[in-house]
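Thanks for asking me to look this over. Here are my notes, point by point, to read with the structure open beside you.

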Amino acid sequence: FTAFAGPIGYYPSNFELITLFSILPFNNDFFSSLINFLLYIPVTICFFAVLRNFKIRKKLSLTLTAALLYMPIMVNQTGTQLVELFFVLSFLLSIYFIQENYKKYSHLNSLLFGLSMGLFLGTKYLAIPYAIIPIIVFIALNFKSKKILIFLFGAFLTGSFFYFRNLFLTGNPIFPAEFQIFGFKILEGFGNFSEQLKTSSILANFSPETIKKVFIATYQNMGYQGILLRLTLPITFIFLIYKTLKKKKLSDKLKPLTLTLVTTIIYALIYLSAPHTNVHILQNTRYALPIFLLATITAGILTSQFKKFRTAFVLLLLLSIFYTFFSFESLKISGFDYKKTLHAYTERENNFPKSTSLMEAISWLNENAPNGKIAYAGFNKHYHLYGRNLQREVDYVNINACNDCDYFDFKNSPDGIRSNPDFTSWLQNLRGKNKEYLIIDTKPESQVKMYEFDWAQQYSKIFQPVFNKDNIVVFKIKLLTNG
């Protein structure tokens, strides 16, 4: 966990495990930034296959695939270690294996659906509400079948670890969030964390200004093709109403279109009520990627119903893709930058920290403590402190008597893991971990009181300042043995 970033260590982390496996053999993180580039290949193949399974023509399927891949929000994932492309891939695989299972009775497809859904659920908590409809569809198609047990087995293999770990450690599989039914608390979370989550959604901050920000963020992240794809949604709704009224029932041919439209609407409601969606709206529109996928699929199924307009739609879509990709305005407002992407492969300390003083502090550590044992305080993100080859030991050291405690142990304390600060306990914890250096951000984003900085200044015989610039201070720790 990272003490100054909240209890994020409890979140599902399937993608982070994949990233870890790309680091461990080389003791270097160079390849971890390539993962999302590589994921583009299976995402492309899988999305095209899903479209073809919906009986969408090949040329239209290729164009729709390009429309998705060239959305600024998708391009922005390259060269990063964000989980969204893996989230998208596992979601697409789940849809694909439902389709394959429907086409052909196969226990293997049921297992593969379970494995894919497990990967999806094990990536982030937001997958839980998104997964409900695909699971219901699968069960409905395979009711009273052994396939359901096979699916559950597959999902257990790839998606259960983090939930069972949390259940074992805290008694709550979705810790730090809580779970309530009609106001009754079923699973206890961390302090007022769940209340903070509720108030961070778009729905909780609903206003004309928020709606405006959401529309702008959606446009910036989906590009010009997104405008065209979104326009097909109300057209789809009108088309389905017209067809149903005309024939007085919904034909089997239109059921896939109805399913994708209804799911898109439900997912939109899930996104609007999801935590953090109102925090950094532009960046966190990535939580809506499953909606963008379904909107694109819906547009493809709808267009397939109108042979006369299919060519015109493809040309308009290609034009919008072209304009999105080459428009300076679109790339600028989406935050996409070729140069920035390429620079992701230079040394970490040259691009990751935004603070010049922090970059200089890391350079000092590289020269003077290349293999040092570092304690940190005040940093939300401390990954860059590990060094170029991840050779340094870096830890947050508890400032209280409970050296091995984490967020769950302080779940009812308003100060969380920073409760009961005590210098003697902190010094003993530093000694227990044999820490040689202490690096502090004296003005952390979390705005918590920096006891460590006050103590280090007060006990100058133990903590010798060796680097000090702006809000970044490095201390050499002396006298770490008793006596």
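1. A disulfide here is a pair of cysteine sulfur atoms within 2.5 Å. Please keep in mind throughout that this is a predicted model. By that rule the count comes to one disulfide, and the bond joins Cys402 to Cys405, with 1.4 Å from S to S. The torsion about the S-S bond of Cys402 and Cys405 is about 55 degrees, so the disulfide is right-handed.

2. Are the cysteines buried or partly exposed? Cys402 is partly exposed, at a relative accessible area of 29%, while Cys405 has 11% relative accessibility and counts as buried, since the cut-off for buried is under 20%. Another cysteine worth a glance is Cys46, which is buried at 6% relative accessibility.

3. Next, the sheet. Five strands make up an open sheet with mixed pairing, in the order β4-β3-β5-β7-β6. The edges are taken by β4 (393-396) and β6, each with a single partner strand, so one side of each is left without a neighbour in the sheet. On average, neighbouring strands of this sheet are turned by 25 degrees against each other, direction ignored.

4. Looking inside the sheet, β3 and β5 run parallel and are joined by four bridges. If you want a residue pair to find your way by, Tyr376 stands opposite Ile439 in β5. Helix α19 (residues 423-432) packs on the sheet and touches β3, β5, β6 and β7. The direction of α19 makes about 85 degrees with that of β6.

5. Which strands do the buried residues of α18 pack against? They are β3 (373-377), β5 (437-441), β6 (463-469) and β7 (472-477). The helix itself covers residues 356-368, 13 residues in total, and reaches 18 Å from its first C-alpha to its last, close to the 18 Å expected at 1.5 Å a residue. Its buried residues are Ser357, Leu358, Ala361, Ile362, Trp364, Leu365 and Asn366. As a reminder when you look at that list, an α-helix has 3.6 residues a turn, so residues three or four places apart point the same way.

6. Now the aromatic rings. The count comes to 32 aromatic pairs. In one of them, the rings of Tyr125 and Tyr163 have their centres 5.9 Å apart and their planes at 55 degrees, so the pair is tilted. Tyr125 lies in the loop between α6 (107-121) and α7 (127-141) and Tyr163 in helix α9 (residues 161-170), so the pair ties together parts that are 38 residues apart in sequence. Both Tyr125 and Tyr163 are buried.

7. Phe156 and Phe164 form an edge-to-face pair, 5.8 Å centre to centre with 75 degrees between the planes. Phe156 is partly exposed at 45% relative accessibility, and Phe164 is partly exposed at 47%. Elsewhere, ring pairs link Phe423, Trp426, Tyr451, Phe453, Trp455, Tyr459, Phe463 and Phe475 into a cluster.

8. Some backbone details deserve a look too. A cis peptide bond joins Phe175 and Pro176, with omega about 15 degrees. Pro176 is in the loop between α9 and β1 (179-181).

9. Which residues have a positive phi without being glycine? Among them is His276, with a phi of about 70 degrees, in the loop between α12 (255-273) and α13 (281-284). His276 is partly exposed, at 33% relative accessibility. Asn434 is another, with phi near 55 degrees, and its place is in the loop between α19 and β5. Asn434 is partly exposed, with a relative accessible area of 46%.

Conventions
Residues numbered from 1 in each chain as written. Predicted model: local features only at pLDDT ≥ 70, side-chain atom pairs only at ≥ 80, totals over all residues. Heavy atoms only, no water. Helix = DSSP H or I, 4+ residues; strand = E, 2+ residues; numbered from the N terminus. Expected span 1.5 Å × (residues − 1). Buried < 20%, exposed > 50% of the residue type's maximum accessible area, 1.4 Å probe, protein only. Contact = heavy atoms within 4.5 Å. Pairing = 2+ DSSP bridges. Axes fitted to C-alpha atoms, helices over the stretch in contact; angles between N-to-C directions. Phe/Tyr/Trp six-rings, centres within 6.5 Å; stacked < 30°, edge-to-face > 60°.
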